[in-house]
Amino acid sequence: MRSKNSDSSRRSTFVQTLYHEWALVGAVIFGTGLRLYQLPKQILFGDEWHGIIAAPNLSYFQIASSFGISDHSIPITLYYKLASDWIGLDEYIIRMPFALAGILIILIFPLLVRGFAGRFTSNLFAWLLALSPPLIFYSRIARPYSIAVLCGFSAVILFYRWWMRPDWRRMVLYVILAAATGYLLLVTLPWVLAPFPFFFALSFLSPHFQISRSIKRLLFLGCLTLSSMLLLVGPPLYFDFAAISSKAGYPMISPSNLIDAFRILSGMESPLLAIILLIFIIAGLIKTYREKRRFAIYLLTLSLIQPITLLILRPLGSTVPIIFARYVLLILPALLIFAAAGVEAVLTVLGGSLMKWMRPVLAAALCAVLFLGGPAPSATYSPNNATSLVMLLHALKGKGYRQVLKKMPRFYVSMAAHPPASLTIAEAPFHWQADHLALYQKIHRQNVVMGLTGNLCGQEGKNELPILGHAARFKTIVDLKNVNALSARGIDFVVFHKQMENEIHGRLPDYLPRDISGCIEQYRARFGRPFFEDDDIIVFEVGRG
């Protein structure tokens with residue numbers, strides 16, 4: 001009887017918690033949907049391949065002792081290596097850690113700051129996290145940024161809570177999370193270490209007898225933190241210091257690009273919406289300063305230390321707005337806390353003219369405006385095997401697909417006459433930086449996979465990804481040499497691109513022109529006359545027809 005009563009009591013408590021936390025639960029559910037939408041079908045592009053390529057070609061020691069030429073994240077690459085050796089790699093295994101981190105951000109961050117921000121602000125903060133275009137974007141790509149944001153922001157809030165109320169568990173969690181953040185991304189070290197100079201300076205505002213005690217606390221925690229970081233980052237710094245030293249001291253980002261970086265960080269394509277968000281951030285900073293002065297100064301200081309350190313070190317690529325915005329991504333949750341507090345401040349000023357139920361309604365309306373003004377709605381068409389790519393081009397870089405592609409071949413326009421997702425098109429050859437190939441899907445609305453030619457054309461595939469062997473089980477990549485398997489994979493058309501650089505404005509990184517006439521002749525001998533051909537592409541019908 002006691003067991004039944006106990007189970008009933010727990011269920012009742014759980015239901016009551018869900019009822020009281022409906023705003024937070026709603027944000028987590030909606031944010032989860034945005035992060036998982038069509039995720040298993042997403043094609044891997046660009047920098048996502050750094051760790052995937054390194055994993056099968058390097059030993060565990062080589063991975064752990066080097067940052068690599070392309071700066072692959074060491075713990076992520078070790079994860080790929082372990083998965084490849086034991087269960088094989090596929091898109092699901094590759095992407096889930098980043099998506100899970102993105103979901104946990106929505107749940108954990110508001111609870112961490114609720115004691116400082118209050119329920120209304122923390123719940124609105126959860127919704128801003130759920131709808132933030134950069135946080136959605138980095139939750140959907142196989143790069144370590146979403147995990148670094150989860151660990152890094154949690155670390156500095158735990159540090160603050162430990163300082164205000166010493167607790168060995170908070171201290172240990174900070175050490176673990178700070179070390180993990182730096183190990184994932186070295187560029188995050190200024191953020192996770194910034195609490196030390198902040199509280200060191202703050203200690204001298206204390207009474208004289210407390211200064212010595214405060215400094216001893218900082219030294220003790222600093223030694224623990226440094227030891228844990230050296231344990232992880234020490235080997236690659238020792239064996240491969242040149243990989244880091246050679247990527248500093250580049251030109252400084254210009255003021256105009258700095259403004260663009262903020263727009264990208266806000267996720268707002270519209271300058272007006274970015275300005276509105278900035279106004280809420282400033283209003284929220286003032287409100288938080290008045291109510292929780294030390295906490296406001298703490299977050300503001302950390303948010304300044306990260307970009308200022310980058311401006312001093314000037315790492316490679318930081319002159320590009322989207323790269324600089326990526327380097328300062330950890331300050332985004334702090335900005336969103338202030339934005340949420342700013343909304344509450346505005347609603348408080350309106351005060352008596354608002355009925356109680358209008359506060360959440362107006363907050364929800366603001367969230368809807370910010371969401372609809374971002375890139376996510378432009379990427380929600382289905383099927384879309386490159387939703388993150390569309391988000392990146394549409395708002396984070398400020399370009400639409402029509403600004404990337406020179407023209408749209410008639411073949412893709414004709415495919416739009418078929419029901420969406422009724423056909424599957426294999427694009428080849430797959431140059432890992434040729435992410436424009438998936439942009440044709442905006443018009444034809446059919447499923448897309450990437451085709452690897454290997455030595456099908458009579459030579460080893462230049463610029464193509466290596467066939468990763470039996471350990472790779474990718475659903476979005478097909479080996480075009482195995483012609484008999486194309487129908488089994490549901491491929492209807494294979495599109496060979498003659499010179500991919502002729503299809504886009506600008507240039508493709510690391511792309512070398514390749515003679516694919518051998519591939520075309522083999523497919524012509526097997527499937528007969530091409531289904532379509534123009535100056536840029538040649539298409540063979542290989543499936544149901």
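**Contacts and burial**

I started with contacts between residues at least 6 apart in sequence: 76% of them join residues at least 24 apart. I note here that the model is predicted. Next I looked up burial. Of the 545 residues in the protein, 54% are buried. For secondary structure I logged 26 helices and six strands.

**Nonpolar cores**

I then turned to the cores. The largest nonpolar core holds 142 residues. Which residues have the most contacts inside it? I found Phe153 and Phe411. Helix H9, residues 145-164, supplies the largest share of this core, with 15 residues. A second core is separate and has 19 residues. Among its members I listed Ala428, Val483, Phe496 and Tyr523.

I went back to Phe411 and set aside its neighbours within four places in sequence. The contacts that remain are with Ile425, Phe493, Val495, Phe531, Phe532, Ile537 and Val539.

**Helix H12**

I checked H12, residues 195-203, for burial. Its buried residues are Pro195, Phe196, Phe198, Phe199, Leu202 and Ser203.

For packed helices I recorded the angle between the axes and the distance between them.

H16 contributes Leu277, Phe280, Ile281, Ala283, Gly284, Leu285, Lys287 and Thr288. From H19 come Leu335, Phe338, Ala339, Ala341, Gly342, Val343, Glu344, Ala345 and Val346. By class, I have 12 nonpolar, three polar and two charged residues in the contact of H16 with H19.

**H16 against H17**

I kept H16 and moved to H17, residues 293-313. The axes of H16 and H17 are 5 Å apart, and the packing angle is about 135 degrees. That makes H16 oblique to H17.

On the H16 side I noted Leu285, Thr288, Tyr289 and Glu291. On the H17 side I noted Arg293, Phe295, Ala296, Ile297 and Leu300. The contact of H16 with H17 divides into six nonpolar, one polar and two charged residues.

Conventions: Residues numbered from 1 in each chain as written. Predicted model: local features only at pLDDT ≥ 70, side-chain atom pairs only at ≥ 80, totals over all residues. Heavy atoms only, no water. Contact = heavy atoms within 4.5 Å. Helix = DSSP H or I, 4+ residues; strand = E, 2+ residues; numbered from the N terminus. Nonpolar A, V, L, I, M, F, W, Y, C, P; charged D, E, K, R; others polar. Buried < 20%, exposed > 50% of the residue type's maximum accessible area, 1.4 Å probe, protein only. Core = buried A, V, L, I, M, F, W, Y, C linked by side-chain atoms within 4.5 Å. Axes fitted to C-alpha atoms, helices over the stretch in contact; angles between N-to-C directions. Parallel < 35°, antiparallel > 145°, perpendicular 65-115°, else oblique.
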